[in-house]
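User: Please show me the model, and then let us discuss it through questions and answers.

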Amino acid sequence: MLEVLRKIVQEVSLAPDLKSVVDMLVQSIRQAMQTQVCSVYLFDAEDHSYVLMASEGLNKEAIGSVRLSAGEGLVGLVVQRAEPINLEKADEHPAFKYLESTGEERFSSFLGVPIIHHRDVLGVLVVQQKEQRRFDESEEAFLVTLSAQLAGAIAHAEATGSLGSIGGPEKPQIELHFEGVAGSSGVAIGQGVVIAPPADLNSVPDKPAGDIDREIESFYAALEQVRNDVREVSLSLAKRLRSQEQALFDVYLRMLEDNALAGEVVERIRKGLWAQGALREVVLEHVRKFSMMDDAYLRERATDIRDLGRRVLAYLQEANTRPTEFTDTTILVADELTPAMLGEVPSDKLVGLVSVHGSSNSHAAILARSLGIPTIMGVVDLPYTKMDGRELVLDGYSGRVYVQPGPELRKAYEDILRDEREQAAELQTLKNLPAKTLDGHHVPLWVNTGLLADLSRSLERGAEGIGLYRTEIPFMTREFFPSEQEQRQTYHSQLKAFSPRPVTMRTLDIGGDKALSYFPIEEDNPFLGWRGIRVTLDHPEIFMVQVRAMLRANEGLDNLRIMLPMVTSMHEIQEASRQIGRAVLELQEEGCNIERPEVGVMVEVPAAVYQVRQIARLVDFISVGSNDLAQYLLAVDRNNPRVSDLYNGYHPAVLQALRFVVREAHKEGVPVSICGELAGEPGGALLLMAMGYDSLSMNATNLPKVKAAIRKINLTDAQALLKEVMSMDDAEVIQQLIARRMAELGVSQRYLPFIPG
Ligand code: PEP
Ligand code: MG
């Protein structure tokens, strides 16, 4: 049965549109389960009913006309209960509704299973039989499994179908929206530009062909280059392979001929799609067809086709004479947004970011916040390859992406955008005023940096220091490890720009969701794996070069602090500290005029929370990385949109840990700062100030908002708020209380999103 299941799922993913998906589904299920009827009902948002979309066995006239609302008839009951209903005699059930047009009175037994996606009932799968019998457990289990596996594909097909296609027949432009995770707040209105990693077939965007003849020409040129490559490899291996194996190369060459893949691609280009998009469609369709074959040898050919497709794509991309065009209001759309991609768009043109993968604490989102670019992460249902050139509206407060917005929605968001600009201008007046409470308590507000653009933004907003410089960011935008000299220059620009204010440089923190293309780390569980200090202690040559570069950059400035990430055990601090000491000695011996700088540790692993007093005795300062600390305390991957609702910095357990760290470290007389995102939310910042944090480090965008909140409150009132919060046991309730208090102070914790309708 597993094989049948796999085949149906693959068939569905192969179907070009929703109609084919549902037609194929009812046929395959009826055949697999040997039933007389199989039908699919899907939700129609326009009239809030479930429509019979396809059926094998019921009267064909009923398709498209039978509609049932939740609670109406047996199908409606499945929707209402969101669970399977399995009946021997359907017409005797009180909820049974006789629908003449379907002709279903002939069928006695009924099994209906809901299709659920993200907790919403998208539709219902129904099988029926004349024979009076209950469908058995294995049949029910089969349908439930199938429905769970298909829900995503159906949602995707629905969304893609409503969009209309580029280069295809004109379809009406329908306003659509997709839910994601708020990554960086704010509103953006602009045009989608899809950005794809090189030679990745899956993420090639749809674009119109433009000059059709030229597209065909460049496709044939790429094809010829791949043919030459195949012939070359074949020749070079000729002596080592048996003739049977050698014949495989002829198979590859035939696959590329006009009466095979090439012909189909050209046909699609003629219909108006650009060569890369046409290639993607044809290759992926064939890959799916082959991987569904029963014969193991033929199934294997799917890999060959994909490989050939990738090679042709690489040549097409190399020869692409159409550089990506960025409009003045570009919204970058990617399958997986990476920090390096942010740099690909001229900064004055980039207004928003959308990523299918990742969540609000992914590093791409953190950087977007530091640049103040509205961002939506984890929009898992977005057919992103179809977003190129589409008009988009991003609501970075609620995490919604609107595609092809209507005039009313657009106008509403234009109004919010104008309000935002006015508020930002107002906050700018605080630049030179101190971050001091009404009763005179001063909390230094520092910034988190990583990108070059952060520097000027931070200074403009009146930052008093850098609490976290993520040194891995400049490493990520390169093709190999930067030399000591290059690193020295990069670090010097940070130290100099902020001198004499403190600059806290974190040693390389790669791993997790921060990869270096030239130093790949493959792990099943990267957030629990080789990360941060674990990597650098295993590679002293990388660590030493970095520390030496930092120390040399600090010569004559003396505002450097070195910080160690992802520390779990005391011996890691001792070892790193010993190496820093060695670097200092080496440089002094080489004649540099340097002193050992302050060295601190990030507390971002629960183990470090419990050993914080011992840690404090070894270091000059402590900084809490609440992004990771929350991830590890709550056992929620900060990068996974599926569990993003569970990631909450206001969880009582997180707040308890944060208070514990500051109290314990202070017992050893060691200053404590915090550089997680919580410090950049006005409500979070007030709680942290009340806990006794000595400084707060945040993205430059939010600094003025946090300063405004601090300037409007007495420390004693913030302490009273903290007391109230610490007595509560639910993160949601805590957040509501904070939002209310912030509103009373006249500070927006987060803006209220506009939800139309
Ligand atoms: C943290 O974990 O809170 C932190 C500041 O470091 P990063 O977000 O870079 O992991
Ligand atoms: Mg961290």
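User: Which strands does helix 11 lie across, and at about what angle does helix 11 run to strand 8?

Analyst: This is a predicted model, in which local features need pLDDT of at least 70, side-chain atom pairs count only at pLDDT 80 or more, and totals for chains, interfaces and linings use all residues. Residues are numbered from 1 along each chain as its sequence is written, chains are lettered from A and ligands numbered from 1 in the order in which they are written, and side-chain values use heavy atoms, with hydrogens and water left out. Helix 11 (residues 363-371) lies across strand 8, strand 11 and strand 12, where helices (H or I, at least four residues) and strands (E, at least two) are DSSP runs numbered from the N terminus. Its direction relative to strand 8, on a scale from 0 to 180 degrees between N-to-C directions, is about 50°.

User: In what order do the strands of the open sheet of 8 strands lie?

Analyst: Two strands pair if DSSP finds at least two bridges between them. Strand 7 (176-179) and strand 8 (181-184) are the edge strands, each pairing on one side only. The pairing is mixed, and the order is 7-14-13-9-10-11-12-8.

User: Which residue stands opposite Leu353 in strand 12?

Analyst: Strand 11 (residues 350-355) and strand 12 (residues 375-377) run parallel, joined by 2 bridges. Opposite Leu353 stands Thr375.

User: Are helix 1 and helix 2 roughly parallel or roughly antiparallel to each other?

Analyst: Helix 1 (residues 2-14) and helix 2 pack at an angle of about 165°, with axes 9 Å apart. Angles under 35 degrees count as roughly parallel, over 145 as roughly antiparallel, 65 to 115 as roughly perpendicular and the rest as oblique. The two helices are therefore roughly antiparallel.

User: What are the edge strands of the open sheet of 6 strands?

Analyst: The order in this sheet is 3-2-1-6-5-4, with antiparallel pairing. Each edge strand pairs on one side only, and the two are strand 3 (67-68) and strand 4 (85-87).

User: Which residue in strand 5 is the bridge partner of Ile85?

Analyst: Strand 4 and strand 5 (residues 109-117) pair in the antiparallel sense over 3 bridges. The partner of Ile85 is Gly112.

Methods: Contact = heavy atoms within 4.5 Å.
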